[in-house]
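Please look at the display first.

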Amino acid sequence: MDNKGVSLSDFNTDLKLKGFKVYEVDSKASGHNYSRKDFYKISLTSGKYTFHYADRSFETDEPILFFANPHIPYSCEIVKPTIDGYACLFTEDFLKLSDRSESLLQSPLFKIGGTPILNLGKEQKESICAIFQKMIADQDSNYVFKDELIRNYIYLIIHEALKMQPSENLSKHSNAAERITSVFLELLERQFPIESVEHPLELKTAQDFAKNLSVHINYLNSSVKEVTGKPTTSHIAERIISEAKALLQHTDWNIAEIAYALGFEYPTYFNNFFKKKTGHIPKSVRAAHL
């Protein structure tokens with residue numbers, strides 16, 4: 001476990017209920033496997049680490065601030081454990097209770113094409129540590145508005161970080177194609193299942209994904225094809241068809257609603273796409289499961 005004296009199950013339950021969790025990092029904490037997490041993370045550590053973030057690697061050997069995005073898989077290898085440190089986990093819903101959050105979550109600190117690691121000088125470290133210490137104290141208090149206070153502390157750390165210079169200790173990882181492909185597949189899967197017509201599919205094309213991941217579309221396409229043997233568009237189409245079948249079989253939405261939820265402007269476009277990929281029209285698939 002990363003935090004002192006708290007079981008992992010209690011920790012996760014606390015995070016889900018409150019939307020945030022602040023804690024002091026255990027010097028005996030283990031590293032992280034390469035995977036996508038379910039929350040945003042800001043951590044201050046002072047050990048020696050190797051971070052693998054999307055298609056890049058970062059070597060650290062001094063106090064750093066690290067910003068993790070739930071959409072981007074990463075791993076952390078510990079070379080020398082941290083002496084002291086803090087971390088704050090929070091959900092997107094928790095931060096998005098404020099109108100200010102959108103631009104901050106789209107900042108270079110959290111975007112895949114940005115820099116998620118910042119080196120800290122002595123004074124910068126002391127300043128950020130003080131903020132984390134206040135967060136922990138207020139988290140454990142009975143103050144009625146402590147959620148808003150924690151939210152403001154998170155904003156303060158992000159703004160302080162945006163004023164700093166990014167780390168230069170980064171390099172393209174040898175299996176960059178595998179990492180960017182993993183990020184693409186995670187981002188694709190994260191859009192499903194579609195649970196409401198009011199929240200239709202947002203990323204529908206390879207260009208959409210490339211823009212969201214801040215990479216050139218040719219680089220994304222060549223990486224995905226190299227690693228999986230299939231084009232980016234094939235992965236997207238297969239996942240949309242899979243979701244379309246599920247919606248046809250397990251919801252009472254009409255065809256037009258399903259088409260819109262899957263990102264098609266007109267039902268005709270959806271019908272043609274579905275028939276081209278499956279050989280059947282949507283109505284026949286639904287009728288077969290009534």
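Two strands are said to pair if DSSP finds at least two bridges between them. Helices (H or I, at least four residues) and strands (E, at least two) are DSSP runs, numbered from the N terminus. This is a predicted model, in which local features need pLDDT of at least 70 and side-chain atom pairs count only at pLDDT 80 or more, while totals for chains, interfaces and linings use all residues. Residues are numbered from 1 along each chain as its sequence is written, and side-chain values use heavy atoms, with hydrogens and water left out.

Let us begin with the sheet. It is open, has five strands in the order β1-β8-β3-β6-β9, and its pairing is antiparallel. Strands β1 (20-24) and β9 (117-119) stand at the edges with a single partner strand each, so one side of each has no neighbour in the sheet. On average, neighbouring strands of this sheet are turned by 10 degrees against each other, direction ignored. For such angles, axes are lines fitted to C-alpha atoms, for helices over the stretch in contact, and the angles run from 0 to 180 degrees between N-to-C directions.

I now turn to β8. Strand β8 (residues 86-90) pairs with β3 (residues 40-45) in the antiparallel sense over five bridges. Within this pairing, Y40 has F90 as its bridge partner, and L44 stands opposite Y86. Strand β1 also pairs with β8 in the antiparallel sense, over five bridges, and here C88 is the bridge partner of V22.

Is β8 buried or exposed? Five of its five residues are buried (under 20% relative accessible area, where exposed is over 50% and partly exposed lies in between, with a 1.4 Å probe and protein chains only). Strand β8 is therefore largely enclosed by the rest of the structure. Y86, C88 and F90 point one way from the strand, whereas A87 and L89 point the other way.

Which helix lies across these strands? Helix α4 (residues 122-139) lies across β1, β3, β6 (64-68), β8 and β9, and runs at about 120 degrees to β1. Helix α5 (residues 146-162) packs on the sheet as well, touching β1, β3, β6, β8 and β9 (contact means heavy atoms within 4.5 Å), with its direction at about 115 degrees to that of β6.

Finally, the aromatic rings. The structure holds nine aromatic pairs. Rings of Phe, Tyr and Trp (its six-membered ring) pair if their centres lie within 6.5 Å; planes under 30 degrees apart count as stacked, over 60 as edge-to-face and the rest as tilted. The rings of Y86 and F132 are stacked, because their centres are 5.7 Å apart and their planes are at 10 degrees. Since Y86 lies in strand β8 and F132 in helix α4, this pair ties together parts that are 46 residues apart in sequence. Both Y86 and F132 are buried.

F184 and F209 form an edge-to-face pair, with 5.0 Å centre to centre and 80 degrees between the planes. F184 belongs to helix α6 (residues 176-190) and F209 to helix α7 (residues 206-213), 25 residues apart. F184 is buried, with a relative accessible area of 0%, and F209 is buried, with a relative accessible area of 0%.
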